[in-house]
Amino acid sequence: MLLIFDLDNTLIDRDSAFQQCLTELFTTLGITLDESQWQGMLQQDNSGRTPRAEFCQYLMDTFPDLPQQYEQLWRYFEMLPQYIQPDSSLQSLLASLGQRHSLHLLTNGSSLMQREKITQAQLAPYFSKIFVSAEVGLHKPDPEVFRQCMAGFHARDCVMIGDDFARDMIPAKKLGMKTVWVNVERQVEPDIIDYQIPNVELLTEVLE
């Protein structure tokens, strides 16, 4: 069986690392934020789904004391991978799964950022193939990037594991793959997913 994993907020806590980047940015510049401002930023970011230029423009419009050029502001967020730490329990899980299944990684994002996250989390050795959207020229939920990722396997023998209902679960399901939704925020969505788990470490319970 082929197990296809998403990266951000599935295998790594991208949102926590992003918040640490924001904290570093505002602390460095001596800017104090209240809770509503924090929540506004996190909602605007939408776990990285908002285009980066759009998010940076939001920050520049909302906080005039920030650097007012996109490239200068984005340099702070390029440090995000530094806040990601290896997870030994996750590595043990992947090593165990890799003894029985093929493992592929499929992630949206820039090559530099996503590869650095993978390196920081020390995940590369566990995957036989890694697909980064910027490298293949296709982004989830485009079904073609899923087809490329599962080339050589029948859809019925593939499982997509991810946290994004629209970008991970829906296209995989439409292609006939099995689906495991890492529903960290316990969202309520149509009951079309094969399995739901609150974190990826419970994956073996639904695969057995």
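In strand β4, Cys158, Met160 and Gly162 point one way while Val159 and Ile161 point the other way, and all are buried; buried here means under 20% relative accessible area, with exposed over 50% and partly exposed in between (1.4 Å probe, protein chains only). β4 is mostly covered, with five of its five residues buried. Strands (E, at least two residues) and helices (H or I, at least four) are DSSP runs, numbered from the N terminus. The model is a predicted one, in which local features need pLDDT of at least 70 and side-chain atom pairs count only at pLDDT 80 or more, whereas totals for chains, interfaces and linings use all residues. Residues are numbered from 1 along each chain as its sequence is written, and side-chain values use heavy atoms, leaving out hydrogens and water.

With strand β1 (residues 2-5), strand β4 (residues 158-162) pairs in the parallel sense over four bridges; two strands pair if DSSP finds at least two bridges between them. Leucine 3 stands opposite valine 159 of β4, and phenylalanine 5 has isoleucine 161 as its bridge partner in β4. Four bridges, again in the parallel sense, join β4 to strand β5 (residues 178-182), where threonine 179 is the bridge partner of methionine 160. These strands belong to an open sheet of six, in the order β3-β2-β1-β4-β5-β6 with parallel pairing. Its edge strands, β3 (129-132) and β6 (195-197), each pair on one side only.

Next come the nonpolar residues. A nonpolar core is a set of buried Ala, Val, Leu, Ile, Met, Phe, Trp, Tyr and Cys residues joined through side-chain atoms within 4.5 Å. The largest such core has 48 residues, of which Phe5, Leu11, Phe26, Phe77, Leu123, Phe127 and Ile161 touch the most other members. Helix α1 (residues 14-28) gives the most to this core, namely six residues. Apart from it lies another core of 19 residues, including Cys149, Met150, Cys158 and Met160.

Leaving aside neighbours within four places in sequence, leucine 123 is in contact with Leu7, Leu11, Ile12, Leu90, Leu94 and Ile118, where contact means heavy atoms within 4.5 Å.
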